[in-house]
Amino acid sequence: MDEPKRKRMRLPGYDYSRPGAYFVTVCTRERKCILSHIAVGADALGGPSVTLTDAGRIVEKHLLTTDRINGLHVEKYVIMPNHVHMILVIENKDGPPGASAPTSALIPQAIGTWKRLVHRELGQDIFQRSYHDHVIRKESDFRAIWEYIDTNPARWAEDIYYDSD
């Protein structure tokens, strides 16, 4: 019996340590809604309100430490109930003088490190094994993804990762 072919997650042959912007989505295991709660129309202007859970605050804390990885920073992110969207930017893969900058696969390394830090602090692995990524190649793509992240909480009920639990 032939086993089903898995879709390749990374762009074949692409150097994920190259300077540029990357759109990354990481989902929780079984898409459990453990990271935040969203109330649409709950803020002062009638927009969505995202309230992080304890796990969500730990996810955010460690996400913001990815800036410690040479030349990488989190440009934009949103922590949804069962997934995290982020734009990661690599500005300088060489890093500061004397630093030990990774030579390849900076994005996968950063995501792996982030997941391990969250796992260590929570005492359990809450994320799916892999993640989705998209290499952002054009300014218009960058702006569209930025807007998608900004408006994702307002569209939670229509989101592909939506779970009403």
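Colleague: Before we start, what should I keep in mind about the model and the numbering?
Modeller: The model is predicted, so local features need pLDDT of at least 70 and side-chain atom pairs count only at pLDDT 80 or more, while totals for chains, interfaces and linings use all residues. Residues are numbered from 1 along each chain as its sequence is written, and side-chain values use heavy atoms, with hydrogens and water left out.

Colleague: OK, how many helices and strands does the protein chain have?
Modeller: The protein chain has three helices and six strands, where helices (H or I, at least four residues) and strands (E, at least two) are DSSP runs numbered from the N terminus. Along the sequence they follow the pattern β-β-β-α-β-β-α-β-α.

Colleague: And what share of the residues is buried?
Modeller: Of the 165 residues in the protein chain, 41% are buried, and buried means under 20% relative accessible area, with exposed over 50% and partly exposed in between (1.4 Å probe, protein chains only).

Colleague: Let's look at H1. Which of its residues are buried?
Modeller: Helix H1 covers residues 54–63, and its buried residues are Ala55, Gly56, Ile58, Val59, His62 and Leu63. Seen down the axis of H1, they fall within an arc of 160 degrees, so they line one face of the helix; the arc is that of the directions from the helix axis to the C-beta atoms.

Colleague: Why would residues a few places apart point the same way?
Modeller: An α-helix has 3.6 residues a turn, so residues three or four places apart point the same way.

Colleague: What covers that buried set in H1?
Modeller: The cover includes strand E3 (49–52), strand E4 (72–79), strand E5 (83–90) and helix H2 (106–122).

Colleague: How do H1 and H2 sit against each other, then?
Modeller: Their axes come within 9 Å and cross at roughly 140 degrees, with axes taken as lines fitted to C-alpha atoms, for helices over the stretch in contact, and angles running from 0 to 180 degrees between N-to-C directions. H1 and H2 are therefore oblique to each other, given that angles under 35 degrees count as roughly parallel, over 145 as roughly antiparallel, 65 to 115 as roughly perpendicular and the rest as oblique.

Colleague: Which residues meet there?
Modeller: From H1, Ala55, Ile58, Val59, Lys61, His62 and Leu63 meet Trp114, Leu117, Val118, Glu121 and Leu122 of H2, where contact means heavy atoms within 4.5 Å.

Colleague: Switching to H3, is Ile149 buried or exposed?
Modeller: Ile149 lies in helix H3 (residues 139–151) and counts as buried, at 2% relative accessibility. Leaving aside neighbours within four places in sequence, Ile149 is in contact with Phe23, Lys76, Tyr77, Val78, His85, Met86 and Ile87. Ile149 and Met86 are 63 residues apart in sequence, yet 7.6 Å apart in space, C-alpha to C-alpha.

Colleague: What about His119, where is it found?
Modeller: His119 is found in helix H2 and counts as partly exposed, at 35% relative accessibility. Not counting residues up to four places away in sequence, His119 touches Gln124 and Asp125.

Colleague: Last one, what is the phi of Glu30?
Modeller: Phi of Glu30 is near 55 degrees, a positive value in a residue other than glycine. Glu30 is in the loop between strand E1 (20–27) and strand E2 (36–39), and counts as exposed at 66% relative accessibility. Arg31, also not a glycine, has a positive phi of about 50 degrees.
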